[in-house]
Every structure is written in structure tokens, then in C-alpha cells.
Amino acid sequence: MVTQSRQAQKQLYETDYHLWVVETVKKLQNQEFDTIDWENLIDEFLDLSKREKRKLQSLLKRLFKHLLKLKYWENETQRNRRHWRGEIANFRQQIKYQLEDSPSLKSYLKEIFAQCYLDARVIASEKSGLPLDLFPESPIAPLEEVLDESWLP
């Protein structure tokens with residue numbers, strides 16, 4: 001009986017994800033641990049961590065992209081300065097909130113810092129049409145400055 005229920009849960013995961021989540025939550029609340037699809041539940045928890053990391057990575061790249069445009073895209077600065085500064089503030093706030101929710105991700109942010117800068121450098125070059133070698137190969141500032149709400153390049 002328990003094996004059948006677990007098999008049904010695994011099948012439900014493949015056919016109706018939302019219902020699988022709802023039923024899994026009910027089973028956890030009712031402490032029906034024998035009938036839980038543990039394999040998929042563990043995978044989902046691991047995926048939550050990956051999603052949080054990807055979100056942080058995306059926010060940092062977007063922050064760098066706007067910092068680079070603000071500093072180097074001179075012929076568009078007058079027209080776009082306010083927009084870019086607003087985006088910079090927005091991405092800094094989102095990073096701050098994510099780190100408040102998950103302080104352990106701060107070390108991950110340090111790990112991905114250089115690569116996010118390099119990725120953003122390519123994106124800023126593509127978006128602006130400016131040559132890639134115009135943008136420095138090393139980050140334009142240390143992490144603390146990049147995240148500092150009062151710092152701009």
C-alpha cells in the first residue's frame with residue numbers, strides 16, 4: 001500500500017507538478033512520511049538553492065552591465081543616466097534583500113564576482129556597440145563598492 005502510494009506520487013510529479021506540490025505539503029503537514037515521494041522532494045529542495053544562486057548571478061551581471069554603460073557609453077549618458085542609475089539602485093536593493101534572506105549566499109557572490117563582471121562586460125559591449133576592449137578586463141571596483149548604494153563609477 002505504501003509502495004503504491006509512493007509510486008502514485010512519483011507519477012503525479014511527472015503529470016501534474018502543482019498537484020504533486022499540494023499533496024506533498026498535505027502529507028508533510030499530516031506527518032504521513034511513509035507516502036512522501038522523497039526522491040523528487042529532495043531534488044526540488046536542491047533546485048531551490050540553484051535558483052537562488054542563478055537569481056543572484058543574474059542580478060549581479062545586470063548591475064555590472066548598467067554600471068559599465070553609465071561609465072563608458074558617453075554618447076548615451078545624457079539621455080539614459082537617470083534610467084541606468086534607477087536600474088543600478090534597483091539591482092543593488094534586490095541583491096541586498098536576497099542576501100538578507102540568505103546571508104550564506106554572500107560567499108557565493110564573492111565566488112561569482114569576477115565571472116559576472118566578465119559576462120556583463122560582453123553584454124555591455126553588445127548592447128552599446130562599443131568595442132569590448134574599451135571595458136577593462138578586471139572589475140571596475142571591488143564588491144563592496146559595487147554594492148554600495150552611494151558609489152557610482
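**Salt bridges, a pocket and a nonpolar patch**

A salt bridge (a side-chain nitrogen of Lys or Arg within 4 Å of a carboxyl oxygen of Asp or Glu) joins the side chains of E39 and K10, at 3.2 Å from N to O. E39 sits in helix α3 and K10 in helix α1 (residues 2-15), so this pair ties together parts that are 29 residues apart in sequence. Helices here are DSSP runs of H or I with at least four residues, numbered from the N terminus. K10 is partly exposed, at 29% relative accessible area; that label covers what falls between buried (under 20%) and exposed (over 50%), with a 1.4 Å probe and protein chains only.

The model is a predicted one, in which local features need pLDDT of at least 70 and side-chain atom pairs count only at pLDDT 80 or more, while totals for chains, interfaces and linings use all residues. Residues are numbered from 1 along each chain as its sequence is written, and side-chain values use heavy atoms, leaving out hydrogens and water.

Five salt bridges turn up in the structure. One of them pairs R51 with D47 at 3.0 Å, N to O, two residues of helix α3 that are four apart, or about one helical turn. R51 is partly exposed at 42%, and D47 also counts as partly exposed, at 29%. Together with E44, D47 and R51 make up a salt-bridge network. Over in helix α4 (residues 74-101), E76 and R79 are three residues apart, again about one helical turn, and their side chains meet at 2.6 Å, N to O. Here E76 counts as buried at 13%, whereas R79 is exposed at 65%.

E44 and R51 show up again in the lining of the largest pocket, alongside residues including Y17, W20, L28 and F45. A pocket is an open set of points on a 1 Å grid over the protein atoms alone, with protein on both sides within 12 Å along at least five of seven lines; lining residues have an atom within 4 Å of a point. The volume is about 150 Å³, taken as the space filled by probe spheres set on the points. α2 gives the most to this lining, with six residues. By class, the lining holds eight nonpolar, one polar and two charged residues.

L28 also belongs to a nonpolar surface patch with F33, W38, I42 and L46, about 460 Å² of accessible area together. Such patches join nonpolar side chains within 5 Å, from residues with over 30% relative accessible area and no salt bridge. Helix α3 (residues 38-72) supplies the largest share, three residues.

Key
Patch = residues over 30% accessible without salt bridge, like charges linked within 9 Å, V, L, I, M, F, W, Y side chains within 5 Å. Areas by Shrake-Rupley, 256 points an atom, 1.4 Å probe, with all protein chains shown as cover. 1 Å grid on protein atoms, 1.4 Å probe; cavity = no way out; pocket = protein on both sides within 12 Å on 5 of 7 lines; lining within 4 Å. Nonpolar A, V, L, I, M, F, W, Y, C, P; charged D, E, K, R; others polar.
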